[in-house]
Amino acid sequence: MSIRTCFRPLIAALLCLGATSAALAWAPLGHALVGELAQRHLDSKARAEVAILLAGEPTPTLAGVASWADDLRNTDPERFKATSRWHYVNAKGGGCDFDLARDCPDGDCVTGALDRQLTILADRKQPLEARRDALKFVVHLVGDEHQPMHAGNRTDSGGNRFQVSLRTPLQPEAYARKSYVDGVMATNLHSVWDYYILASRGLVLGDYADALDTSAATPFAPRPDAGVLLEWAAGSCRLIDAHGVYPGDDQHKMDHVYLDKFRPLAEARVQLAGKRLAQLLNQALGAQAPSH
Ligand SMILES: [Zn+2]
């Protein structure tokens, strides 16, 4: 899908190219939450490996690198262009039965990219730099795959072309303020899911992670194969209709009622993504990693 609308409210306006850029992910808050939740459930070996791989990063934590793959848009446009299809998958046949050959040609979709980056991350023979970038991609892509609007089957670019008038006290960053008039934000359903639902909880990262980190120990899980990763995307896709995520083709006005209604679902997706990310990293880097 060709995703058009830029919405990065927590990123400085100068880092965003404006209203014609792409919204390709949970906004930074959502990605950071996934990273923070996973970081809390790494085993000691995986935590040490993550520290080695991220040494030198401005913020050497999973939360700190969680939006790196989106930030490539500005820091490395060529690389971003080459990887832009890694952030989503779209079921072109309708329904939620993704088909790798049809929906993920050349492996250029979120599940194909995640599969490859997991392999690089776990391969000690790869250069550290490659494994570092693989880690950053894995953190990001696991988050994207659990955002329902990144794994849909409609032809509206993951909700980017489903325009919405959202009445909200949450003001956007400067670059988007021209779309915010009298408390109403002219946006789209993708951005509502990327940012507004979670941001309207009104918690900063650490407090929000505390609130969502309700699970006990995260059990070890084996490396998921491509089919399992595809099923994770199907799980996101099925939520769209099962929960009535689309408010109806003639209902393009919404307010806190929509945000409040879907916040538990969005938070559950963040929780699941955090748990699965921890399991993936413990599998690839932890005490039970195959190469140890
Ligand atoms: Zn993304």
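I count two rings of Phe, Tyr or Trp (for Trp the six-membered ring) as a pair if their centres lie within 6.5 Å, and I call planes under 30 degrees apart stacked, over 60 edge-to-face and the rest tilted. The model is a predicted one, where local features need pLDDT of at least 70 and side-chain atom pairs count only at pLDDT 80 or more, while totals for chains, interfaces and linings use all residues. Side-chain values use heavy atoms, without hydrogens and water, and residues are numbered from 1 along each chain as its sequence is written.

**Aromatic rings**

I looked up the aromatic pairs and found six in the structure. One of them joins Phe162 and Tyr246 edge-to-face, with 5.3 Å from centre to centre and 85° between the planes. This pair links distant parts of the chain, since Phe162 sits in the loop between α7 (128-145) and β1 (163-167) and Tyr246 in the loop between α10 (226-242) and β4 (253-254), 84 residues apart. Helices (H or I, at least four residues) and strands (E, at least two) are DSSP runs, numbered from the N terminus. With buried meaning under 20% relative accessible area, exposed over 50% and partly exposed in between (1.4 Å probe, protein chains only), I note Phe162 as buried at 6% and Tyr246 as buried at 11%.

I then noted that Trp68, Trp86 and Phe137 form one aromatic cluster. For charges over rings I required NZ of Lys or CZ of Arg within 6 Å of the ring centre and within 35 degrees of the ring normal. Arg116 lies over the face of Trp86, 5.3 Å from the ring centre, and the charged end of Arg154 sits over the ring of Tyr246, 3.6 Å from its centre.

**The sheet**

I recorded 11 helices and four strands for the protein chain. The four strands form an open sheet in the order β2-β3-β1-β4 with mixed pairing, where two strands pair if DSSP finds at least two bridges between them. The edge strands, each pairing on one side only, are β2 (180-181) and β4.

I followed β1 to both of its partners: five bridges pair β1 with β3 in the antiparallel sense, and two bridges join β1 to β4, which run parallel. Val164 has Thr187 as its bridge partner in β3, whereas Ser165 has Lys253 in β4. The covered face of β1 holds Val164 and Leu166, and the uncovered one Gln163, Ser165 and Arg167.

**Helices and packing**

I took contact to mean heavy atoms within 4.5 Å. Among contacts between residues at least 6 apart in sequence, 73% join residues at least 24 apart, and 53% of the 292 residues of the protein chain count as buried.

For helix α6 (residues 110-122) I listed Val110, Thr111, Gly112, Ala113, Leu114, Gln117, Leu118 and Leu121 as its buried residues. These buried residues of α6 pack against α2 (44-54), α5 (100-103), α7, α10 and α11 (256-285).

Which residues does Val50 touch, not counting residues up to four places away in sequence? I found Gln39, Leu42, Leu62, Leu135 and Leu285. Val50 lies in helix α2 and counts as buried at 1% relative accessibility. The C-alpha atoms of Val50 and Thr61, 11 residues apart along the chain, are separated by 7.8 Å.
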